[in-house]
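Please keep the sequence and the structure in view while reading.

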Amino acid sequence: MFSQLHCANKIFRNLYNGEWAESNSGQTIPIHSPVDGSLIGHIQAMTKEEADRAIQNTKTNLTEWANTPIYKRAEVLYRAADILVKNAETIADVLVMEISKDKKSALSEVERTADFLRYTADVGKGLEGEAIGGGNFPGGSKDKISYVTRVPLGTVLAISPFNYPVNLSVSKIAPALMGGNAVLLKPPTQGAISALYLVQAMNEAGLPAGILNTVTGKGSEIGDYIVTHPGINFINFTGSTGVGKHISNLARMVPLLLELGGKDAAIVMEDADLDSTADNIVSGAFSYSGQRCTAVKRILVMDSVADELIKRLTDRIQALKVGDPRDNAHITPLIDKKAADFVQELIDDAINKGATLVMGNHREGNLLSPTLFDNVTEDMRLAWEEPFGPVLPIIRVKSRDEAIAIANRSEYGLQSSVFTQNINDAFYIANRLEVGTVQVNNKTERGPDHFPFLGVKASGMGTQGVKYSIEAMTRPKAVVINIEEHS
Ligand code: NAP
Ligand code: G3P
């Protein structure tokens with residue numbers, strides 16, 4: 001089991017230079033559970049000076065780590081995966097209470113993270129470089145050979161969101177480390193304790209001191225400082241579009257990977273298998289209470305089959321368990337009151353503008369019942385804004401071209417689903433959607449994690465996915481050998 005190195009009396013520390021350290025500020029941030037308000041613990045409110053020290057410290061062992069053979073880097077990730085699995089129940093229980101994630105999904109997040117570590121280690125070992133002959137290009141010569149390897153960028157700033165504080169931290173940390181970088185992790189404040197358990201696993205797996213440091217504290221207070229710090233060589237951010245745009249404006253010449261918000265559409269054609277479609281939409285829209293960037297956040301359904309689809313959706317939504325994540329409820333209290341109030345605002349706006357409330361719109365504190373609207377129109381905020389909660393609007397359309405036009409009018413472009421049994425319709429629609437990924441006859445989702453995962457427009461910049469993330473956080477280094485033919 002985990003040694004409680006990073007915590008004493010529920011005061012969680014940061015990893016700095018291989019040791020668990022409290023902030024000199026003496027300031028801590030209490031973390032209460034959105035499930036029952038109980039105190040989970042305190043995290044450090046680090047000062048800018050301490051953030052600076054943490055970044056500078058990542059430089060101390062960077063060269064040694066960059067020169068560490070890739071198979072040895074991989075061994076650290078394999079060991080970290082094993083430690084995570086051994087402590088999966090402990091970490092999952094923290095996730096349940098810290099971010100109100102149902103136990104089944106919390107365990108899945110930890111197991112998925114272990115899989116991510118192993119797969120990243122496997123792929124990282126494939127970074128073997130290449131040799132390119134000069135004779136292939138007009139005017140070149142076979143006596144010129146370019147030996148190309150991939151080298152690290154330096155210190156990666158990894159910033160992760162509350163809804164996957166373990167998995168969306170490792171999705172940055174693991175590829176960065178395999179690429180030979182050092183990492184400064186800024187976890188979400190609500191989710192930081194879960195993320196620190198991941199960091200403890202990586203530290204116990206034998207990472208050299210200073211190659212992974214953490215900085216906890218409110219993003220609104222120390223975020224700009226770390227984002228603009230001259231010691232940061234790459235920023236890997238997952239979170240809201242608003243914060244992502246803010247970071248992008250500050251980042252100047254520092255390369256970025258941004259995974260932001262979404263408003264994923266499920267387009268349902270007349271010939272769709274409506275039972276399978278309803279299964280996918282309900283799972284896609286209401287898993288983790290809709291707090292997923294890839295959640296299905298609007299349905300664009302052909303009017304001729306809308307009534308039949310709604311019957312199936314209603315049956316499935318009524319079967320969803322609402323309540324305590326410790327009892328594996330599907331719908332659990334949202335992360336905080338601000339989030340719940342925002343969802344309620346969108347619901348009220350839709351009702352005020354004439355949408356048909358099919359079911360839901362019940363609230364107890366931050367626990368909102370799964371809510372379904374029909375006849376949502378384009379003047380309603382719910383048609384365009386990202387609720388990040390358990391509410392789903394249906395917009396009826398008359399043609400596939402109308403569905404494509406509405407889908408593309410969104411500021412977001414993460415994913416879309418198309419439900420049809422006609423391969424020609426599937427490709428006609430998929431080829432015209434301005435998104436990173438189109439799922440055919442499946443809910444929108446990020447996994448499996450070796451697939452490319454990207455958002456366009458307001459949904460992000462750059463591409464995640466194991467191989468893609470390693471490439472994003474490394475660069476080519478070419479050494480050209482010029483052979484002199486002795487006459
Ligand atoms: P968020 O409020 O943007 O916060 C994300 C992270 O950024 C947190 O660690 C936060 O720290 C930090 N942060 C906040 N202000 C910052 C600043 N000025 N500089 C640097 N860092 C700053 O997002 P969230 O509420 O955690 O997650 C929900 C949002 O993220 C939704 O919009 C969702 O769609 C999006 N998301 C996207 C993906 C994807 O893969 N595309 C995945 C998950 C979530 P604090 O916690 O201390 O504020
Ligand atoms: O919002 C988190 C995003 O990465 C979605 O992941 O696997 O739930 O589709 P997933």
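Thr 189 has a polar side-chain atom 2.6 Å from an oxygen atom of ligand 1. Gly 239 uses its backbone instead: one of its backbone N or O atoms lies 3.2 Å from an oxygen atom of ligand 1.

## How the model is read

This is a predicted model, in which local features need pLDDT of at least 70 and side-chain atom pairs count only at pLDDT 80 or more, while totals for chains, interfaces and linings use all residues. Residues are numbered from 1 along each chain as its sequence is written, chains are lettered from A and ligands numbered from 1 in the order in which they are written, and side-chain values use heavy atoms, with hydrogens and water left out.

## Ligand 1: the shell

There are 30 residues around ligand 1, and Ser 160, Thr 189, Ser 240, Leu 260 and Glu 386 come nearest; a residue is near if one of its heavy atoms lies within 4 Å. By class, this shell has 14 nonpolar, 11 polar and 5 charged residues. Here Ala, Val, Leu, Ile, Met, Phe, Trp, Tyr, Cys and Pro count as nonpolar, Asp, Glu, Lys and Arg as charged, and the others, Gly among them, as polar.

Helix 8 (219–227), strand 12 (234–238) and helix 9 (241–250) each supply at least two residues of the shell around ligand 1. Helix 8 gives the largest share, 4 residues. Helices (H or I, at least four residues) and strands (E, at least two) are DSSP runs, numbered from the N terminus. Domain 1 (2–260 + 462–475) and domain 2 (265–458) each contribute at least three residues to this shell, with bounds from an automatic or database domain assignment.

## Ligand 2

Which residues surround ligand 2? They are Arg 112, Asn 163, Tyr 164, Leu 168, Arg 292, Cys 293, Thr 294, Glu 445 and Arg 446. They divide into 3 nonpolar, 2 polar and 4 charged. Domain 1 and domain 2 each supply at least three residues of this shell.

For Thr 294, a side-chain N or O atom is 2.6 Å from an oxygen atom of ligand 2. On its own, ligand 2 has 300 Å² of accessible area, and the protein covers 95% of it.

## Backbone features

Most residues other than glycine have a negative phi, and most peptide bonds are trans. The peptide bond from Gly 447 to Pro 448 is cis, with omega near -5°. Pro 448 is found in the loop between strand 23 (437–440) and strand 24 (453–454).

Ser 100 is not a glycine, yet its phi is positive, about 60°. Ser 100 lies in the loop between helix 4 (88–99) and helix 5 (103–124).

Conventions
A polar contact is a pair of N or O atoms within 3.5 Å; within protein, one must be able to donate a hydrogen and the other to accept it, and residues adjacent in sequence count only if both atoms are side-chain atoms. Accessible areas come from the Shrake-Rupley method with a 1.4 Å probe; for residues, only the protein chains shown count as cover.
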